[in-house]
Amino acid sequence: MPLLIKFIPLILILTSFQIWFTAYLGKLPSANVWQKITLISANVYAWCGLALVFMPALFPLSFSHFHYVYHTIGQAIVITHPYQTIDSQQIFNVLMTFPAGVYLRLFGVRRLRLRQVILIGLALGLTNEAGQFILDQLVNLGRSVAIDDLLNNALGLVLGFYSLTRLPTLRQLFHLPHSLTQRGHHDSTNQ
């Protein structure tokens, strides 16, 4: 399959996200400069994260020199046994979703329990890996689908969410008040 066709899903995903985000911004009342920084940086982060997850592999995957137990399902390489090796890729997957946890906290409309944050993190990881699996089937994205990526994505989100607990001044400076994140709701005491 030509490489250019493999980029079509990424272009559609990025375009759909930007249309949604622009519509979201259009519904917000005016924000101060710090809140605008939060919104712009969240947009840039989302673009980078989506590109990292759904960018086609430019070189074919080769697992012959790794010690992974994996299965091939259709055109997808699926690694079902987590943490067979610990390497920089594991850390990268945690770091990749750390900002998502920070933004979840900054955009949050109410306090979330640890269980809820973990579930959101698992949902994010599942979305990433399921998306890669589906795109591998449709356009041979050339990416692997791994359980440990899902778990590391969840861990990154949880760590990012709770990192702002220790930085209340920073959180208050960049936090989007509920009047910005939900029209008609006002609660300045939360978080």
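Helices here are DSSP runs of H or I with at least four residues, and strands are DSSP runs of E with at least two, both numbered from the N terminus. By that rule the protein chain of this predicted model has eight helices and three strands, and from the N terminus on its elements run α-α-α-β-β-α-α-β-α-α-α. Residues are numbered from 1 along each chain as its sequence is written, and side-chain values use heavy atoms, with hydrogens and water left out. Because the model is predicted, local features need pLDDT of at least 70 and side-chain atom pairs count only at pLDDT 80 or more, while totals for chains, interfaces and linings use all residues.

**The chain as a whole**

- Of the 191 residues in the protein chain, 41% are buried, where buried means under 20% relative accessible area with a 1.4 Å probe and protein chains only.
- Taking the contacts (heavy atoms within 4.5 Å) between residues at least 6 apart in sequence, 78% join residues at least 24 apart.

**The sheet**

- The three strands form an open sheet with mixed pairing, in the order β1-β2-β3; two strands pair if DSSP finds at least two bridges between them.
- Since β1 (71-73) and β3 (144-146) stand at the edges and each has a single partner strand, one side of each is left without a neighbour in the sheet.
- From one strand to the next the twist averages 30°, with axes being lines fitted to C-alpha atoms (for helices over the stretch in contact) and angles running from 0 to 180 degrees between N-to-C directions.
- β1 and strand β2 (residues 76-79) run antiparallel and are joined by three bridges, and His71 stands opposite Val78 in β2.

**Helices on the sheet**

- Helix α5 (residues 114-139) lies across β1, β2 and β3, and runs at about 150° to β3.
- Helix α6 (residues 147-163) also packs on the sheet, where it touches β2 and β3, and its direction makes about 65° with that of β3.

**The pair α2 and α3**

- The axes of helix α2 (residues 8-26) and helix α3 (residues 33-54) come within 10 Å and cross at roughly 160°.
- The two helices are therefore roughly antiparallel to each other, a term used for angles over 145 degrees.
- Residues that make the contact include Phe17 and Phe21 of α2 as well as Trp47 and Leu50 of α3.
- The contact residues divide into 13 nonpolar, two polar and no charged, counting Ala, Val, Leu, Ile, Met, Phe, Trp, Tyr, Cys and Pro as nonpolar, Asp, Glu, Lys and Arg as charged, and the others, Gly among them, as polar.

Conventions:
Parallel < 35°, antiparallel > 145°, perpendicular 65-115°, else oblique. Buried < 20%, exposed > 50% of the residue type's maximum accessible area, 1.4 Å probe, protein only.
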